Number of protein chains: 2
Amino acid sequence: MSRAPVHTPTASGAQALLGSLLDGGVDTCFANPGTSEMHFVAALDGVARMRAVLTLFEGVATGAADGYARMAERPAATLLHLGPGLANGLANLHNARRAGTGVVNVVGDHATTHAPLDAPLQSDIHAIAGAVSGWVRTTTSPAEVGADAAEAVAAAKAGQVATLVLPADVSWSPGGVPAPPVPPPAPPAADPDAVRAAAAALTSGEPCVLLVGGDATRAAGLAAADRIAAATGARVLAETFPTRLERGAGVAPVDRLGYVVDVAVGQLAGARHLVLAGARRPVSFFAYPDKASDLVPAGCEVHALVPKEGAFAGGTATAVLEELADLVAPGTAPRPAPAARPPLPSGPLTVQSAAAVVGALLPEGAVVVDESVSSGLGLPAVTAGAPRHDWLTLTGGSIGYGLPAATGAAIACPDRPVWCLQADGSAMYTISALWTQAREGLDVTTVVYHNSAYAILRMELAQTGAAAHLAGDGARARALLDLDRPDLDFVALAAGMGVPGERVTTAEALASALRRATAEPGPHLVEAVLPPLAP
Amino acid sequence: MSRAPVHTPTASGAQALLGSLLDGGVDTCFANPGTSEMHFVAALDGVARMRAVLTLFEGVATGAADGYARMAERPAATLLHLGPGLANGLANLHNARRAGTGVVNVVGDHATTHAPLDAPLQSDIHAIAGAVSGWVRTTTSPAEVGADAAEAVAAAKAGQVATLVLPADVSWSPGGVPAPPVPPPAPPAADPDAVRAAAAALTSGEPCVLLVGGDATRAAGLAAADRIAAATGARVLAETFPTRLERGAGVAPVDRLGYVVDVAVGQLAGARHLVLAGARRPVSFFAYPDKASDLVPAGCEVHALVPKEGAFAGGTATAVLEELADLVAPGTAPRPAPAARPPLPSGPLTVQSAAAVVGALLPEGAVVVDESVSSGLGLPAVTAGAPRHDWLTLTGGSIGYGLPAATGAAIACPDRPVWCLQADGSAMYTISALWTQAREGLDVTTVVYHNSAYAILRMELAQTGAAAHLAGDGARARALLDLDRPDLDFVALAAGMGVPGERVTTAEALASALRRATAEPGPHLVEAVLPPLAP
């Protein structure tokens with residue numbers, strides 16, 4: 001443990017915090033500081049081991065921390081400015097909470113003596129933090145900040161969003177005492193009765209579905225699940241939005257539970273037993289009139305092997321699947337996906353041809369950050385046999401995660417290509433992530449699917465039945481779902497933030513652009529123009 | 001009251017809500033809807049009286065609602081998607097709360113039957129809303145949504161952020177009953193003892209400062225305050241960040257209390273009496289080691305005439321100032337600012353010359369939205385004698401308010417030119433407001449002060465004493481405050497969102513650009529390149 005700058009009798013609270021984070025293995029900090037964080041910035045100035053990455057908006061910092069943790073298998077820190085800075089980062093912390101990846105938020109606050117005066121930036125930080133955090137604490141003295149930080153790191157290592165509120169005077173005062181790491185809380189244990197019951201169900205001959213999530217969507221968990229399927233005839237599905245799905249040639253393949261309710265209902269139809277490994281009981285993403293919210297079929301028995309927990313590798317869900325596989329499928333081997341790529345298509349871009357280009361060209365070892373929303377519906381099929389890769393998804397459903405998560409993933413994996421497959425509407429929530437990608441020289445290739453609409457909402461207008469209840473001729477409703485007046489120019493936006501881009505309208509041009517972008521170092525953006533939706 | 005589409009027996013909850021908003025005088029809705037809001041969108045489709053304005057990010061919607069209310073003198077609605085959508089809008093709701101302008105947030109939620117299932121987008125909306133709202137309620141049935149909306153509108157008219165959570169099934173179910181408007185709560189009454197004590201103090205010959213805020217920073221309140229000053233020798237100051245400061249030729253001029261602590265301390269030094277009219281007891285914006293947080297000088301008596309309240313015109317603070325003026329300054333007239341403009345400067349742009357260009361050209365009746373931060377320090381002096389205008393400021397200190405507030409102000413005041421004076425770093429928080437300005441064809445002229453740094457934080461690094469405690473050579477700290485790698489190109493960013501722009505480096509070019517932008521309809525952006533800060 002390198003503590004040279006912090007173990008002096010005059011260490012500030014900020015220095016002790018920094019030392020404790022580093023001792024706990026947190027060495028990356030996505031930052032958007034303000035006045036109350038200046039002493040933390042001053043402490044950072046002398047500690048090269050902590051990589052501080054500036055973002056232009058807090059939602060980029062928190063989304064990057066999530067993407068980083070999914071790939072690095074350990075949490076990063078964020079540095080946020082008071083309640084409003086935390087609020088700006090909250091949507092992507094919501095996604096991180098659902099991902100179970102863990103983040104250590106350091107939120108600067110007014111000095112303890114200043115807070116009661118209700119200065120303009122005063123707000124209820126705990127109320128805001130509580131909505132997304134598994135662990136929240138305001139540290140009250142430099143002597144305690146080290147121990148508080150160690151606890152925050154431990155909570156984050158267990159997959160929780162941990163928020164440490166750091167008053168400015170605690171940060172700047174001497175007397176800081178770094179603390180050694182604290183072991184994370186023990187992961188939840190498997191339920192032995194559920195494992196026995198699941199084993200009995202799987203060998204009963206009755207129709208079984210095995211739904212995997214959390215850490216079990218990695219190669220080891222999928223291999224165990226596939227062994228069970230091969231031996232018992234059970235069907236394996238992954239949760240709809242996995243934190244990190246390992247897939248491609250050599251990995252046991254898995255379909256994901258559908259986002260569209262009718263699809264999901266069809267996938268689960270007829271199941272008599274539903275075995276949950278690292279996944280929650282499946283529910284529809286939204287409620288719809290006259291459709292089920294609880295997706296478990298009538299008469300289906302649910303066996304939850306282990307509570308939903310953090311999603312870092314080596315968790316209980318994988319272990320219990322392996323145990324179950326040894327019980328019901330001894331000697332059965334998993335069936336890895338064969339290598340297979342679609343041919344490169346040609347002609348004007350469509351959702352299908354754009355997906356096929358990705359399938360044809362996805363590089364070995366890619367990290368795919370998927371916020372393609374409706375434009376990505378064809379992607380899973382055409383990439384199933386691509387070289388082995390990781391697929392990161394929108395775990396919490398709060399859009400604006402793609403560009404930030406790709407930024408963090410690229411920092412976690414400097415030797416792997418990161419492809420960010422990004423819907424146009426969602427891109428605009430956190431577009432300034434491109435600037436951080438340029439500043440840090442990250443190898444991120446962003447494909448923006450440009451269909452000039454919140455196309456998913458066009459679909460949801462119908463699914464919710466609202467399309468049948470339009471109070472007018474539909475024009476005013478469509479104006480709230482369409483993005484074509486004016487049309488966004490993502491190449492210009494990228495250029496404004498130092499990222500080279502090109503706009504493509506054919507499959508051939510998309511292929512050329514992706515090859516160039518992947519071959520050249522640094523970030524690139526490809527605006528893939530899709531046919532406009534029907535009015 | 002026009003209720004044609006909503007007073008049918010089959011009105012949905014959404015239709016009843018819409019009718020009640022309109023009946024309450026809320027006819028503008030800044031929207032970023034999602035699936036749970038589709039039935040509200042369907043209801044909007046038939047109601048041309050409600051202007052629905054699409055934003056690409058919720059922080060634009062909430063900031064626009066604030067800017068709209070400051071100029072329209074009545075609240076707008078927002079339409080936000082679940083907890084994360086509200087969270088994205090929270091920072092500008094924080095500013096609205098501090099402004100006292102009132103907003104009606106309609107936050108869609110999962111159906112009441114769906115919420116207990118903890119679907120991915122489920123979160124604690126009340127916890128998030130509570131941090132900024134004076135009024136929060138989840139409406140539980142279509143029969144109640146109208147009455148709940150009427151109460152929300154009343155709270156917003158009293159200057160509160162009012163958040164109405166609308167579950168999807170309440171929105172889509174029949175049985176909606178619109179409700180007539182509810183009178184807003186009575187404004188706070190003046191404290192007659194404080195008024196008498198203030199009158200005695202002002203006529204005592206002892207040094208007095210009169211600090212005005214809230215509704216008293218409008219022409220009527222300032223005239224009354226100036227009469228008091230003229231008759232008694234008291235010094236008048238406006239709060240540091242007023243909601244809406246009327247100023248320019250013909251309006252009694254007022255200095256604002258300084259943001260920099262030492263400046264504010266100097267302004268208040270020697271005061272024996274501090275009379276507060278619509279302003280809070282003054283505190284420093286941030287705490288600093290070895291500096292006072294409470295800015296009231298030792299031995300100074302504080303007379304709070306009226307509690308801080310909403311900032312709509314015609315409030316109690318103005319009335320009580322007029323009463324006080326009639327007591328201590330009968331027959332004394334206010335002293336309006338004379339018309340005066342600086343000459344047009346020439347040569348390379350500096351903070352000073354850029355300010356002078358604004359002073360020389362600010363059009364009659366302009367609405368100035370000021371998020372210029374450090375680049376705007378010279379603006380008040382050179383615009384004091386410009387034609388009469390309104391000056392809107394960053395009331396809550398949460399940056400990213402300028403572009404959205406200008407958007408809302410332009411919708412409230414279609415016949416007035418809106419000039420948005422915008423710092424570069426702050427602009428990036430809510431840059432997509434430019435797209436909404438283009439879509440709506442708003443007459444907004446944005447000047448981006450481009451100094452490629454969070455210059456205010458450079459200053460705060462010194463003010464907080466952190467600059468003296470840099471743990472290294474300063475390079476790593478500066479990297480968190482500087483925006484020059486890569487340099488942002490705001491003309492490209494604006495072009496990407498359909499807003500014409502130009503980049504200027506001289507005073508002459510800034511003047512030409514401002515003239516063109518103001519003469520042509522629709523939004524324009526001028527990137528004013530300032531000298532880089534010293535390293």
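Biologist: Which residue of S12(A) does A:Val275 stand opposite?

Modeller: In this predicted model, A:Val275 faces A:His303 in S12(A).

Biologist: What makes S11 and S12 of chain A paired strands?

Modeller: Pairing takes at least two bridges. Strand S11 (residues 273-277) of chain A is joined to S12(A) by five bridges, so the two count as paired, and they run parallel.

Biologist: And why are S10 and S12 of chain A said to stand at the edges?

Modeller: The open sheet has five strands in the order S10-S8-S7-S11-S12 (chain A), with parallel pairing. Strand S10 (255-256) and strand S12 (301-306) of chain A each have a single partner strand, so one side of each lacks a neighbour in the sheet.

Biologist: Which strands does helix H10 of chain A touch?

Modeller: Helix H10 (residues 261-268) of chain A touches S7, S8, S10 and S11 of chain A, and its direction makes about 150° with that of S8(A). Helix H11 (residues 316-328) of chain A lies across S7, S11 and S12 of chain A, at about 115° to S12(A).

Biologist: How do you know that A:Cys29 is in no disulfide?

Modeller: A disulfide needs two cysteine sulfur atoms within 2.5 Å. The nearest cysteine sulfur to A:Cys29, that of A:Cys413, is 19 Å away, so A:Cys29 is in no disulfide. For B:Cys300, the nearest is that of B:Cys208, 8.3 Å away, so the conclusion is again no disulfide. Over all chains, the structure holds zero disulfides.

Biologist: Why is B:Cys300 called buried?

Modeller: Buried means under 20% relative accessible area. B:Cys300 has 12%, so it counts as buried. A:Cys29, at 1%, is therefore buried too.

Definitions and conventions: Residues are numbered from 1 along each chain as its sequence is written. Chains are lettered from A and ligands numbered from 1 in the order in which they are written. This is a predicted model: local features need pLDDT of at least 70, side-chain atom pairs count only at pLDDT 80 or more; totals for chains, interfaces and linings use all residues. Side-chain values use heavy atoms; hydrogens and water are left out. Helices (H or I, at least four residues) and strands (E, at least two) are DSSP runs, numbered from the N terminus. Contact means heavy atoms within 4.5 Å. Axes are lines fitted to C-alpha atoms, for helices over the stretch in contact, and angles run from 0 to 180 degrees between N-to-C directions. Buried means under 20% relative accessible area, exposed over 50%, partly exposed in between (1.4 Å probe, protein chains only).
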